[in-house]
Amino acid sequence: MFHKEGSKIITIALGLFTIGLLTASRFLEKGWLFYLIITTLIVLLILILQFFRNPSRIAPNDEGVIVSPVDGKVVVIEEVFEKEYFKDKRLQVSVFMSPLNVHVTRYPGAGEVTFSKYHPGKYLVAWHPKASEENERTTVVVKTEKFGEVMHRQIAGALAKRIVNYAEEGDAVEQGGESGFIKFGSRVDIYLPVGTKIAVGLNQKVKGASSIIATA
């Protein structure tokens, strides 16, 4: 299954693949150059298709846990001062996504959306220390039963040029439900109350909606 955000790009990619295949077949003999071009076209098409894949995920539906909002690798676990919404100290857990990861963003916990805001910005590499404050990003806060308000922030990377955010203030959302999509490489930060029990370690690989990030 492919995500709806990729429908236009996938259609264009299939069209270009078909044109390239027909052109190569028409004007080139079946030698090394022909097969190189065909192989390159196939690889590019596969990369685009796998980027926009949208596998079915079943969240634990447990108020006592926070799940990862995305697929990727945990690159930050630290106490920070969050100055956009909470304006106090929070535990930050950051998950970096490579272009090979699923890029659907999911709600880490169930509850009501109390804040949702888009910020235009730069396209620094996703692991840059200032990326969470200067890059294109969206901030979403969900009021949960066990953890109170939990924030997740989509951050565009050097390749990402568009963040899609479905969250609207007042929405009632489910754990693991789709919150948005980030195109072509990025990072998501989760901000939790200080004292929350973190259930992952640095460099650990996680899956959106299924890997447990924290417990109450």
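This is a predicted model: local features need pLDDT of at least 70, side-chain atom pairs count only at pLDDT 80 or more; totals for chains, interfaces and linings use all residues.
Contact here means heavy atoms within 4.5 Å.

**Entry 1: domains**

I looked up the division of the protein first. The assignment gives domain 1 as residues 4-52 and domain 2 as residues 65-215. I then asked how many residues of domain 1 are in contact with domain 2. Seven residues of domain 1 are in contact with 12 residues of domain 2. The C-alpha centres of domain 1 and domain 2 are 34 Å apart.

**Entry 2: annotated spans**

I consulted the UniProt record, an unreviewed entry, which annotates residues 9-27 and 33-52 as "transmembrane region". I checked each span against the model. Residues 9-27 are 100% helix and 0% strand, and their end C-alpha atoms lie 27 Å apart. For residues 33-52 I noted 95% helix and 0% strand. The end C-alpha atoms of residues 33-52 are separated by 29 Å.

**Entry 3: the sheet**

I traced an open sheet of eight strands with antiparallel pairing. Its order reads β9-β5-β6-β7-β11-β3-β2-β13. Which strands lie at the edges? The edge strands are β9 (172-173) and β13, and each of them pairs on one side only.

I next followed the pairing of β2 with β3 (residues 88-97), which is antiparallel and runs over nine bridges. Within this pairing I located Val 76, which stands opposite Ser 94 in β3.

**Entry 4: a pocket**

I examined the second largest pocket, for which the volume is about 160 Å³. Which strands each supply at least two residues of its lining? They are β2 (72-82) and β13 (205-206). I recall from the sheet order that β2 and β13 are neighbours there.

I listed the lining of the second largest pocket by residue. Gly 72 and Lys 73 belong to it, as do Lys 205 and Val 206.

I finally sorted the lining of the second largest pocket by class. I recorded five charged, three polar and two nonpolar residues.

Definitions and conventions
Residues are numbered from 1 along each chain as its sequence is written. Side-chain values use heavy atoms; hydrogens and water are left out. UniProt positions are given in the numbering used here, feature names are shortened, and annotations may be inferred rather than shown by experiment. Helices (H or I, at least four residues) and strands (E, at least two) are DSSP runs, numbered from the N terminus. On a 1 Å grid over the protein atoms alone, a cavity is a set of points where a 1.4 Å probe fits but cannot get out, and a pocket is an open set with protein on both sides within 12 Å along at least five of seven lines; lining residues have an atom within 4 Å of a point. Grid points are joined across faces, edges and corners, and a volume is the space filled by probe spheres set on the points. Ala, Val, Leu, Ile, Met, Phe, Trp, Tyr, Cys and Pro count as nonpolar, Asp, Glu, Lys and Arg as charged, and the others, Gly among them, as polar. Two strands pair if DSSP finds at least two bridges between them. Domain bounds come from an automatic or database domain assignment.
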